[in-house]
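Visitor: I would like to learn how to read a model of this kind. Please take me through it one feature at a time.

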Amino acid sequence: MGWLDNMVLRSKLILLTAVMILGIAFLSFQGFRGAAGWLEDVGHIGKEASVRQAAALRMDRERVIIRTQTLSVYQYENDYNAQSKFSEVLAQREKSFAAF
């Protein structure tokens, strides 16, 4: 870097200050652009992802309820007079499948 050796100290300091200011400006621009991306990501999480997860949790809850209803029918396996109980289970199951 022979061209730096020929410069006066004042010119070197001015060049160093200019390069530092350009670097700080570039980093500030990148930081603000990144922060704008964070705002979009947070909006996406609040408006779309959390709603999707809540719906998936509701569906999972209904799936567990349907499985429980299926297992509850087995207690009437040898009871031949349990037709009224089957209609109750059917009504509960229709309500659960309506959530899907």
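Guide: Start with how the elements are named: helices are DSSP runs of at least four residues, numbered from the N terminus. Glu62, for one, is found in helix 2. Keep in mind throughout that this is a predicted model.

Visitor: Which element has the lowest mean pLDDT, and which the highest?

Guide: pLDDT is the predictor's confidence in each residue, from 0 to 100. Among the elements of the chain, helix 1 (residues 2–5) has the lowest mean, 75. The highest, 87, belongs to helix 2, which covers residues 9–73. Over the chain the average is 84, and 97% of the residues score at least 70.

Visitor: Is Glu62 buried or exposed?

Guide: The cut-off for buried is under 20% relative accessible area. Glu62 counts as buried because its relative accessibility is 12%.

Visitor: What does the side chain of Glu62 contact?

Guide: A polar contact of 3.1 Å joins it to the side chain of Arg61. Arg61 and Glu62 also meet in a salt bridge, 3.1 Å from N to O. The general idea is that side chains of opposite charge can pair when their charged atoms come close. In this pair Glu62 is buried, whereas Arg61 is exposed, with a relative accessible area of 52%.

Visitor: How many salt bridges are there by this rule?

Guide: The rule asks for a side-chain nitrogen of Lys or Arg within 4 Å of a carboxyl oxygen of Asp or Glu. The count comes to 2. Besides the Arg61 and Glu62 pair, the side chains of Arg63 and Asp60 form a salt bridge, at 2.4 Å from N to O.

Visitor: How far apart along helix 2 are Arg63 and Asp60?

Guide: They are 3 residues apart in helix 2, so about one helical turn separates them.

Visitor: Which residues form a nonpolar patch on the surface?

Guide: To join a patch, a residue needs over 30% relative accessible area and no salt bridge. Here the patch is made of Val8, Leu9, Leu13, Leu16 and Met20. Together they have about 510 Å² of accessible area.

Visitor: Where is Met20 placed, and what is its relative accessible area?

Guide: Met20 lies in helix 2. Its relative accessible area is 48%, so Met20 is classed as partly exposed.

Definitions and conventions: Residues are numbered from 1 along each chain as its sequence is written. This is a predicted model: local features need pLDDT of at least 70, side-chain atom pairs count only at pLDDT 80 or more; totals for chains, interfaces and linings use all residues. Side-chain values use heavy atoms; hydrogens and water are left out. Helices (H or I, at least four residues) and strands (E, at least two) are DSSP runs, numbered from the N terminus. Patches are made of residues with over 30% relative accessible area and no salt bridge: like charges are joined within 9 Å, nonpolar side chains (Val, Leu, Ile, Met, Phe, Trp, Tyr) within 5 Å. Accessible areas come from the Shrake-Rupley method with a 1.4 Å probe; for residues, only the protein chains shown count as cover. Buried means under 20% relative accessible area, exposed over 50%, partly exposed in between (1.4 Å probe, protein chains only). A polar contact is a pair of N or O atoms within 3.5 Å; within protein, one must be able to donate a hydrogen and the other to accept it, and residues adjacent in sequence count only if both atoms are side-chain atoms.
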